[in-house]
Amino acid sequence: RTVYVNGEYLPENEAKISIFDRGFLMADGIYEVTSVLDGKLIDFAGHAARLERSANELDLALPVDMDELIEIHRKLVELNGIEEGMVYLQVTRGAPADRDFAFPDPDEVPSSIVLFTQNKPGLAESPAAKTGIKVISIEDVRWGRRDIKTVQLLYPSMGKMMAKKAGVDDAWMVEEGKVTEGTSNNAYIVKNGTIITRHLGNEILAGITRNAVLRFAQEAQMKVEERSFTIDEAKDADEAFVTSASTFVMPVVEIDGAQIGEGTPGPVAKRLREIYLEESR
Ligand code: PDD
């Protein structure tokens with residue numbers, strides 16, 4: 001695989017980052033995941049805009065401009081022959097000589113940028129989308145700026161492991177009795193035809209897929225309510241699903257052992273997945 005590191009395209013085993021990089025030492029960095037279908041980037045503009053926002057919120061200098069960024073994405077997709085898969089992009093606050101909590105001067109320590117691809121043949125035809133996934137609920141103990149897409153992913157990883165241990169696929173996180181989001185996706189329920197998903201704020205990531213799916217839902221005359229909901233409300237819903245760049249629209253058929261609807265992917269989730277795949281290709 002060919003990867004991109006700080007201006008160079010290299011075989012992955014030749015790519016290097018300093019052990020002092022603040023991304024490594026302090027999780028001081030941001031990232032984006034852009035999916036690829038039919039060799040084309042999905043929603044790149046949205047991911048680029050969110051990257052700029054994350055960088056601004058953290059006073060982190062982006063080492064490339066948006067034209068270069070799309071060029072690097074396209075080149076990696078081409079060099080690695082990706083038809084279905086994703087491009088991972090990470091920007092960290094570079095390598096200071098000494099470990100220090102204060103940010104280094106960006107003129108002295110440039111940010112590091114790394115991109116790589118992951119090939120995932122069959123991504124659009126995912127078998128999980130046909131059966132739906134099962135989730136458990138866990139307490140959301142992440143920091144208070146989940147709107148920034150940082151590489152600080154330890155708790156979401158622990159959540160995934162808790163789900164695995166419970167014999168299910170993923171976890172929905174709950175704060176003050178309300179669902180925030182999934183470990184790496186936005187969470188939705190459907191009740192009497194209305195799609196309900198948490199409103200944006202510091203508590204969740206503003207998913208690029210969420211934005212597209214809500215737009216497609218409204219265009220298809222479906223009703224959308226952006227508000228928080230409880231696990232009890234979710235258990236009582238007709239349908240549930242999650243969205244992300246890596247799963248598109250993924251039906252959820254069980255929450256904390258309670259079957260949702262018929263226990264199979266519901267019509268709204270199925271239709272939204274179809275529309276999403278069709279419209280974004
Ligand atoms: N995760 N919420 C969280 C906490 C996420 O990590 C993600 C994405 C989303 C959905 O955002 P989007 O639709 O822009 O992918 C919501 C990516 C895919 C990941 O970490 O792999």
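Residue numbers start from 1 along each chain as its sequence is written. Because the model is predicted, local features need pLDDT of at least 70 and side-chain atom pairs count only at pLDDT 80 or more, whereas totals for chains, interfaces and linings use all residues.

The chain contains eight helices and 15 strands, where helices (H or I, at least four residues) and strands (E, at least two) are DSSP runs numbered from the N terminus. Its radius of gyration is 19 Å, close to the 19 Å that the globule rule gives for 281 residues, so the chain is as compact as a globular protein of that length. The radius is taken over C-alpha atoms, and the rule is 2.2 Å times the number of residues to the power 0.38. The C-alpha trace spans about 55 × 40 × 35 Å along the principal axes of the chain. Of the 281 residues, 40% are buried; a residue is buried if 20 or more other C-beta atoms lie within 10 Å of its own, exposed if 12 or fewer, and partly exposed in between, with C-beta atoms placed from the backbone. Among contacts between residues at least 6 apart in sequence, 72% join residues at least 24 apart, a contact being two residues whose C-beta atoms, placed from the backbone, lie within 7 Å.

The domain assignment gives domain 1 (2–119) and domain 2 (127–280), with bounds from an automatic or database domain assignment. The C-alpha centres of the two domains lie 26 Å apart. Domain 1 contributes 19 residues to the contact and domain 2 contributes 12 residues. On the side of domain 1 that touches domain 2, strand 3 (29–37), helix 2 (44–57) and strand 5 (85–92) each give two or more residues. The largest share of that side, seven residues, comes from strand 3. By class, that side has seven nonpolar, eight polar and four charged residues; Ala, Val, Leu, Ile, Met, Phe, Trp, Tyr, Cys and Pro count as nonpolar, Asp, Glu, Lys and Arg as charged, and the others, Gly among them, as polar.

An open sheet of six strands has the order 2-1-6-5-3-4 with antiparallel pairing, two strands being paired if DSSP finds at least two bridges between them. Strand 2 (8–11) and strand 4 (40–41) are the edge strands, each pairing on one side only. Strand 5 and strand 6 are joined by eight bridges, and Val91 has Ile113 in strand 6 as its bridge partner. Two bridges join strand 1 (residues 2–5) to strand 6 (residues 112–119), with Tyr4 opposite Leu115. Strand 3 and strand 4 pair over two bridges, and Val36 is the bridge partner of Leu41 in strand 4.

Around the ligand are 14 residues, of which Leu205, Gly207, Ile208, Thr209 and Ala245 come nearest; a residue is near a molecule or strand if its C-beta atom, placed from the backbone, lies within 6 Å of it. Helix 6 (208–219) and strand 13 (239–244) each supply at least two residues of this shell, and helix 6 gives the most, with three residues. The shell has four nonpolar, eight polar and two charged residues.

Most residues other than glycine have a negative phi. Asp43, in the loop between strand 4 and helix 2, has a positive phi near 60°. With 17 C-beta neighbours inside 10 Å, Asp43 counts as partly exposed. Asp59 has a positive phi near 55° and is placed in the loop between helix 2 and helix 3 (66–79). Asp59 counts as exposed, with 9 C-beta neighbours inside 10 Å.
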